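Q: I would like to learn how to read the features of a model like this one. Can we go through them in turn?
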Amino acid sequence: MHQVQAIADGIYWIGVNDFVTNRFENIIPIPEGVSYNSYFIDDEKTAVVDTVDALVMDGFLDNVEYLLRGRPLDYIIVNHMEPDHSSSLLTLAERHPEAKLAGSAQALRMFEQFFHRPMKDRYVTTGEKMTLPLGRRTLRFFSAPMVHWPEVTFTYVEEQQVLFSADAFGCFGVLKGSVFADELDYAKQYEDGARRYYTCIVSKYGPQVLAAMKKVSAVPVSCIAPLHGPVFRTEEDIGRILADTARWAKWEPEVKGAAIFYTSVYGNTAAAAQSFAWKLRERGVASVEVMDLCKTDAAYAMAEVMRYSHLVFASTTYNMGLYPLMRHFLTMMGEHLVKDRRIALIGNSSWAPNIAGKVMKELTDTWKDCSLIGEPVHILSAPGPKEEAALDALADAVAADLQAGK
Ligand SMILES: Cc1cc2nc3c(=O)[nH]c(=O)nc-3n(C[C@H](O)[C@H](O)[C@H](O)COP(=O)(O)O)c2cc1C
Ligand SMILES: [Fe+2]
Ligand SMILES: [Fe+2]
């Protein structure tokens, strides 16, 4: 059964929703699902722009055949070789031996790496100096290296100002009856998914994202068609996703406030973290978030790191080290090159010195332009009067730092 939607005259979304995959990249939970977007250009020459995950290939192949109506497929444009967009590429290429494969030199190399079925006589190596005429339309290419992977290209339809932006401007969440952000209540239903997607998938590559955005700012864009999530066509929606992405790429916090992340075995560190939230409120901090990393997946917590200016980490010591879920979270954030945050630490231990606090400090010390506020608090087993006083002092320091507009 086919399911297609025109996104511009002669250009169609031919993607597929994935309701089945539990974890994107086998690590990030996606209870709201995800879409793999692919596009079809109907011109004198026909073209498919990227494919979909093989898990949901059947619907996609039906869409291609429906729009081809028995005509040959002239081009398969390969903007991104990551398997969520390419694991059905070989099947499509074998079904349509007449189609040329157009991609960056590195994308075409990766095609051979993944499939071990070279098709050298069918390759068209794209680059920024070339255009690919389809008839009434002309395709241009902008290389966007490391906007997730090194081989990535954005493809642009000159006459209609449509930008196929690969993984940039993408989002978790299946599409519901339309592909357009303006028909899907994007702000309510997708913006959080876009932040989580950006933070978990792309945030390590902020400078490369900004470089690619700068390149495409040289051309007018009236429609952005990413590989996941809604298509943007109104000025408002295009403006919002560009502004959101630029802000995230610079790690500019959206909220002046504190997000408290904790791990606790028996609830004592949790009690300290909860108490700290109240202390911040009492000191006039308007935005406070509290997250239990033992209950909430790191992916959701990472998105809150993107949102908040001030981060408080509270953890127990565990087998002479930092509690594993806190270590995992801080390691992930470090690997994603989080920067420009103010940090406060609360560690708990019962017999060793504050190992949790020490390891959290070592991990966060490596983060760029991040600085520690106040004295890290050491809780001996459970917060008592001495610890309460130390938490008060730390809350004073965090609140003062926020009030000073840091
Ligand atoms: C399995 C396990 C291992 C622990 N290992 C250490 C340790 O090596 N050194 C230490 O000082 N405390 C250790 N603790 C104590 C915790 O750091 C913490 O003080 C205690 O669990 C109370 O805090 P909580 O209620 O937040 O879990 C351990 C606790 C557990 C449950
Ligand atoms: Fe990707
Ligand atoms: Fe992707």
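Q: Which arrangement do the four donor atoms around the iron ion (ligand 2) have?
A: Donors are N, O and S atoms within 2.8 Å of the metal (3.2 Å for Na, K and Ca); water is not among the atoms, so sites may look incomplete. Four donors count as tetrahedral if all angles lie between 85 and 135 degrees; four count as square planar and six as octahedral if opposite donors are over 155 degrees apart and all others between 65 and 115; anything else is irregular. Here the angles run from 85 to 162°, so the arrangement around the iron ion (ligand 2) is irregular. Remember that this is a predicted model: local features need pLDDT of at least 70, side-chain atom pairs count only at pLDDT 80 or more, and totals for chains, interfaces and linings use all residues. Residues are numbered from 1 along each chain as its sequence is written, chains are lettered from A and ligands numbered from 1 in the order in which they are written, and side-chain values use heavy atoms, with hydrogens and water left out.

Q: Which residues coordinate the iron ion (ligand 2)?
A: His80 (NE2), Glu82 (OE), His148 (ND1) and Asp167 (OD) do, at 1.8 to 2.2 Å. Along the chain, the spacing of these donors reads H-x1-E-x65-H-x18-D.

Q: Where do histidine 80 and aspartate 167 sit in the chain?
A: Helices (H or I, at least four residues) and strands (E, at least two) are DSSP runs, numbered from the N terminus. Histidine 80 is in the loop between β9 (75-78) and α2 (83-86). Aspartate 167 is in the loop between β15 and α5. They are 87 residues apart, and the pair links distant parts of the chain.

Q: Are histidine 80 and aspartate 167 buried or exposed?
A: Buried means under 20% relative accessible area, exposed over 50%, partly exposed in between (1.4 Å probe, protein chains only). Both histidine 80 and aspartate 167 are buried. For aspartate 167 the relative accessibility is 2%.

Q: Which protein donors does the iron ion (ligand 3) have?
A: Asp84 (OD), His85 (NE2), Asp167 (OD) and His228 (NE2), lying 2.1 to 2.3 Å from the ion. Their spacing along the chain is D-H-x81-D-x60-H. The angles among the four donor atoms are 86 to 173°, and this site is irregular.

Q: What bridges the iron ion (ligand 2) and the iron ion (ligand 3)?
A: Aspartate 167 does. The two ions are 3.5 Å apart. Aspartate 167 lies between β15 (162-164) and α5 (186-189), and histidine 228 between β16 (223-225) and α8 (235-249), so this pair ties together parts that are 61 residues apart in sequence. Histidine 228 is buried, at 0% relative accessible area.

Q: Which domains does the chain have?
A: Domain bounds come from an automatic or database domain assignment. Here it gives domain 1 (5-249) and domain 2 (257-400). Their C-alpha centres lie 39 Å apart. Contact means heavy atoms within 4.5 Å. Between the domains, it takes 13 residues from domain 1 and 11 residues from domain 2.

Q: How many residues does the largest nonpolar core have?
A: A nonpolar core is a set of buried Ala, Val, Leu, Ile, Met, Phe, Trp, Tyr and Cys residues joined through side-chain atoms within 4.5 Å. The largest one has 124 residues. Ile7, Phe154, Phe164, Phe261, Phe313 and Phe329 have the most contacts inside it. This core draws at least three residues from each of domain 1 and domain 2. Apart from it lies another core, of 24 residues, among them Leu280 and Ile373.

Q: How many helices and strands are in the chain?
A: There are 13 helices and 23 strands. The radius of gyration is taken over C-alpha atoms; the globule rule is 2.2 Å times the number of residues to the power 0.38. The chain has a radius of gyration of 24 Å, close to the 22 Å that the rule gives for 406 residues, so it is as compact as a globular protein of that length. Of the 406 residues, 58% count as buried.

Q: Where is leucine 337 found?
A: Leucine 337 is in the loop between α11 (324-335) and β21 (342-349). Its phi is near 60°, a positive value in a residue other than glycine. Leucine 337 is partly exposed, with a relative accessible area of 46%.
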